[in-house]
Amino acid sequence: MGLNSTKQSSLTNADYSVTLSSTYYRAQQTIQGEFHLNIRTKLRIEKEIRIDLIGELIDKRSKRTAQRQSSTTQSNKNIFFTYPCTLVTSHENGTARTIKHQQITYPFRIPLGNSLPPTCDFKDNFSINYYLDIIHDGHLLPQTHKPLTIGPPQPIVISPQPVQVNGASDLQIICGLQKNFYSSSQCVPITVHINNPKQKQILRMTAQLMQLVQLNANKREYEIFTALLNEIPENNKTTTITTNCEIILPSNLAPTFVTNDQTHPDNLPIVNVQYEFRITAHMKGALATNVKLTLPIGIE
């Protein structure tokens with residue numbers, strides 16, 4: 001079932017609508033749809049009718065700075081990508097095309113490369129949005145925005161290697177994940193192995209999920225949550241511990257995306273979104289020992 005948006009055009013004496021096969025696409029896929037045109041009397045086309053795919057960056061930091069510096073509203077939107085797809089053109093000799101009393105459907109296909117940053121929204125930082133606009137003879141048809149979601153490439157499932165950290169007093173912690181990506185709201189099993197030959201007291205163990213976000217040169221870290229690993233008893237002095245811990249991810253996490261420096265066009269923003277678990281053994285009489293586990297978030 002396609003997704004429809006029908007509006008009355010103020011520029012032409014016609015009704016029109018756009019039907020899309022989906023509103024979610026991945027990198028290297030093709031946006032497919034149809035433009036439906038119902039001409040009640042006649043339609044004059046001086047140049048063309050086209051559909052534009054537009055990528056828009058909204059820098060929320062710039063907006064706050066502008067509001068502090070001026071009482072007037074300043075735009076913080078940046079159109080970093082436009083892909084025009086022509087549907088109807090005028091005659092080659094330059095005379096206008098006139099279409100009378102017809103119902104016509106124009107299919108269109110818009111290929112996506114592998115370098116577009118995915119759709120995302122970070123409350124205090126920035127957002128990346130994509131949408132389609134319909135243009136008639138250089139004029140935007142009113143109220144024709146059709147938002148799209150562009151996701152990262154399909155992740156490849158592999159078994160990652162465990163991460164080992166040696167801490168104070170010969171404490172050794174080895175942590176591992178079962179696979180290299182997880183989706184929002186999933187349960188993440190973490191294998192934890194501890195060697196504690198001197199039987200130092202481990203007060204508690206926690207797992208902190210961090211989101212690492214970059215827009216061009218600006219980098220920020222956000223704490224998503226910190227969870228107590230209940231599977232490892234508090235105030236533990238056991239010499240060897242091997243257990244599986246489970247952590248539930250929150251919903252609506254933006255997917256992991258890392259800009260490919262080798263194929264990245266200059267006009268696109270550099271956007272990196274990454275996650276990591278910081279697993280900490282809180283010790284009595286010794287420094288805490290930290291293990292960092294990279295946690296790619298994907299969309300299956």
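**Notes on the pocket and the salt bridges**

1. Start with the largest pocket: by class, its lining has seven nonpolar, four polar and no charged residues. Here Ala, Val, Leu, Ile, Met, Phe, Trp, Tyr, Cys and Pro count as nonpolar, Asp, Glu, Lys and Arg as charged, and the others, Gly among them, as polar. Among the lining residues are Pro-152, Pro-153, Phe-181, Thr-256 and Gly-298. The space inside comes to about 210 Å³. (A pocket is an open set of points on a 1 Å grid where a 1.4 Å probe fits, with protein on both sides within 12 Å along at least five of seven lines; lining residues have an atom within 4 Å of a point.)

2. Keep in mind that this is a predicted model: local features need pLDDT of at least 70, side-chain atom pairs count only at pLDDT 80 or more, and totals for chains, interfaces and linings use all residues. Residues are numbered from 1 along each chain as its sequence is written, and side-chain values use heavy atoms, with hydrogens and water left out.

3. There are eight salt bridges, each a side-chain nitrogen of Lys or Arg within 4 Å of a carboxyl oxygen of Asp or Glu. In one of them, Arg-40 pairs with Asp-15 at 3.0 Å between the closest N and O atoms. The two sit 25 residues apart.

4. Asp-170 and Lys-198 also form a salt bridge, at 3.6 Å from N to O.

5. Glu-276 is buried at 11%, and Arg-278 is buried at 16%.

Methods
Grid points are joined across faces, edges and corners, and a volume is the space filled by probe spheres set on the points. Helices (H or I, at least four residues) and strands (E, at least two) are DSSP runs, numbered from the N terminus. Buried means under 20% relative accessible area, exposed over 50%, partly exposed in between (1.4 Å probe, protein chains only).
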